[in-house]
Amino acid sequence: MHVHRVAHVGDDDLHVPVERLVVQRDAAHPGEDGSLKRAVVLLAVGLVAGCSSPAGSVATRGVDVTLSAPPPPVIEPRATDDDAGARHAEEQHATGEPALPPACPREPPLELESPPWASNDALLGMVADPSKRVGSASIGRAARGALYGGVELAESEGIVHAGGYAWGTANSVRALERAVRQVRACFPDTPRLFVGDLSREHGGWLGPHASHQAGLDADVGYFYVGPPLWYQRATAKNLDVPRTRLVLKTLIEGGNVEMIFIDRSVQNLLRRQPNEPTSDDLLDETWFEGPLRREAIIRHAWGHATHFHVRFKDPDATALGERLVQLLPAAHPLRRVFPGTAKR
Ligand SMILES: [Zn+2]
C-alpha cells in the first residue's frame with residue numbers, strides 16, 4: 001500500500017464536483033480522426049547533420065582516356081563526423097538542448113495531441129457520436145477527477161503491466177512509451193519495464209491511491225540489475241542507475257511532466273556521485289528537490305522507493321475537461337450523477 005501526495009495542497013475545493021461523473025463507455029479510440037489538430041512541439045532537436053553523400057563515381061565507357069592528362073582532382077569539403085558534432089553542439093548551444101551520447105539514436109520529440117477546437121454545439125455533437133474522436137479530457141483534479149477519451153497503455157516488448165489500470169490521456173501514455181523506447185534504443189537487452197496503475201478507463205477513485213483519478217498519474221517501476229522486478233525496494237545493489245536515469249531524463253525532457261515522486265534514498269543513488277565525472281547521462285541537478293527547490297520536478301514522497309510516480313501535465317486535455325464539465329448538463333453521453341441527492 002502506498003500513498004501519493006496530492007499535487008497542490010488545498011485544491012480539494014473543486015469548482016464543480018466531478019468525482020461522480022459517469023462517462024458512457026463509448027469513448028472513441030485515438031488516431032482515427034484525421035481532422036485532429038496535432039501540435040508538434042519541438043522539445044528536442046534531432047541530429048540534423050547533413051548526410052554527405054559519397055563523391056559520385058560514375059564509370060565512363062568508350063572514352064579515349066589517352067587524349068589528355070586527367071584533370072587535377074577537385075577536393076570538395078566533406079562533412080565529417082566532427083563537423084556534424086560541432087554543428088549539433090552549436091544547435092544545442094543555441095537552443096539550450098542537452099546532449100545525448102552520439103552513439104545513441106534519439107527519440108523524435110513528442111507529438112502532443114491537441115483536441116480540435118470546436119464550438120460548444122460541435123463539441124457536444126462529437127461527444128455524442130462514438131465515431132468521432134474528441135481527444136483526451138482530464139476532468140477535475142488528480143485526486144478528484146475523471147478521464148474522458150483516455151488511451152490504454154499497451155504492453156509491448158518494452159512494457160509489462162504490473163496489474164491494475166493503465167488508462168491515461170493520450171499525451172501521458174505516449175510520453176511513457178517514448179521514454180521506454182529511448183532506453184531500449186540506448187541500452188541493448190533492456191528488460192521490460194513494469195508499469196503499475198495509471199487510471200481507470202473513465203478515471204475516478206482508484207484505491208489505494210489518493211490521486212490517479214484523471215489520467216495524468218502513472219506508477220512506474222525502476223530498472224533493476226538483472227531480471228525485471230516490480231515493487232522491490234531500489235538499493236545501491238539492485239538499481240540499474242543508467243537505465244533509470246535515462247527513462248527519467250527522457251520523461252522530463254519530453255516537456256509534459258509536472259513532477260516525479262522518488263524516495264530520497266533513491267534520489268541519492270540517481271544523482272551525480274562524488275567522484276563521478278560530468279556527463280550527458282546525468283540528470284540535471286536542478287531537477288532534484290533541495291532546500292531552495294521545494295518545487296523541483298523530482299520530489300521525495302513516502303512509498304516511492306519501490307517505484308516512481310510521474311504526474312503529467314496535459315494543458316489541452318485539462319482545458320477540454322473544463323469545457324466538458326461546463327457542458328455536461330446538456331451533453332448526452334456525459335452526465336453528472338450525485339447518488340442520494342437531487343442536487344446538480
Ligand atoms: Zn502512484
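Tyr231 lies in the loop that connects strand 10 to helix 4 (241-253) of this predicted model. Although Tyr231 is not a glycine, its phi is positive, at about 65°. Tyr231 counts as partly exposed because 14 C-beta neighbours fall inside 10 Å, a number between the limits of 12 for exposed and 20 for buried residues.

A positive phi of about 65° is also found at His212, again a residue other than glycine. His212 belongs to the loop between strand 9 and strand 10. With 32 other C-beta atoms within 10 Å, His212 is buried. Pro208 is part of the loop between strand 9 and strand 10 as well, and the peptide bond leading from Gly207 to Pro208 is cis, with omega near 5°.

Gln213 is likewise placed in the loop between strand 9 (193-195) and strand 10 (217-220). Gln213 counts as buried, since 26 C-beta neighbours lie inside 10 Å. Once neighbours within four places in sequence are set aside, the contacts of Gln213 include Ala142, Ala143, Arg144, Gly145 and Ala146. Ser199, Gly203, Gly204, Trp205 and Leu206 are also in contact with Gln213. A separation of 9.7 Å is found between the C-alpha atoms of Gln213 and Glu201, which are twelve residues apart along the chain.

Gly145, one of the contacts of Gln213, is located in strand 5 (residues 144-148). Gly145 is counted as buried because it has 27 C-beta neighbours inside 10 Å.

Gly321 is among the buried residues of helix 6, together with Asp316, Ala317, Thr318, Leu320, Leu324 and Val325. Helix 6 comprises 13 residues (residues 315-327), which at 1.5 Å a residue should span 18 Å; the end C-alpha atoms are 18 Å apart, in agreement with that expectation.

In strand 10, Asp217 and Asp219 point one way, Ala218 and Val220 point the other way, and all are buried. Strand 10 runs antiparallel to strand 13 (residues 308-312), and four bridges join the two. Within strand 13, Arg311 stands opposite Asp217.

Strand 13 also contains Val310. Val310 is buried, because 27 other C-beta atoms lie within 10 Å. Apart from neighbours within four places in sequence, Val310 is in contact with Ala218, Val220, Leu251, Val257 and Ile260.

Strand 11 (residues 257-261) is mostly covered, with four of its five residues buried. Four bridges pair strand 11 with strand 13 in the antiparallel sense, and Phe261 stands opposite His309 in strand 13. Strand 11 also pairs with strand 12 (residues 298-299), here in the parallel sense and over two bridges. Arg299 is the bridge partner of Phe261 in strand 12. A right-handed β-α-β unit is made by strand 11, helix 5 (residues 264-270) and strand 12.

In helix 2 (residues 120-128), the buried residues are Leu123, Leu124, Met126 and Val127. These residues lie on the same side of helix 2, because they cover an arc of only 160° around the axis. Asp121 and Ala122, on the other side of helix 2, are exposed. An α-helix has 3.6 residues a turn, so residues three or four places apart point the same way.

The protein chain as a whole contains six helices and 14 strands. Of its 344 residues, 36% are buried. Among contacts with a separation of 6 or more, 76% are between residues 24 or more positions apart. The mean pLDDT of the protein chain is 74, and 65% of the residues score at least 70. Residues 1-100 have a pLDDT below 50, and this stretch has 118 contacts in the model beyond near neighbours in sequence. The pLDDT is also below 50 over residues 330-344, a stretch with 26 contacts beyond near neighbours in sequence. Where pLDDT is low, the predicted coordinates should not be read in detail.

Conventions: Residues are numbered from 1 along each chain as its sequence is written. This is a predicted model: local features need pLDDT of at least 70, side-chain atom pairs count only at pLDDT 80 or more; totals for chains, interfaces and linings use all residues. The expected span of a helix is 1.5 Å times one less than its number of residues. Two residues are in contact if their C-beta atoms, placed from the backbone, lie within 7 Å. Two strands pair if DSSP finds at least two bridges between them. A crossover is right-handed if, with the strands pointing away from the viewer, the path from the first strand over the helix to the second runs clockwise. The arc is that of the directions from the helix axis to the C-beta atoms. pLDDT is the predictor's confidence in each residue, from 0 to 100.
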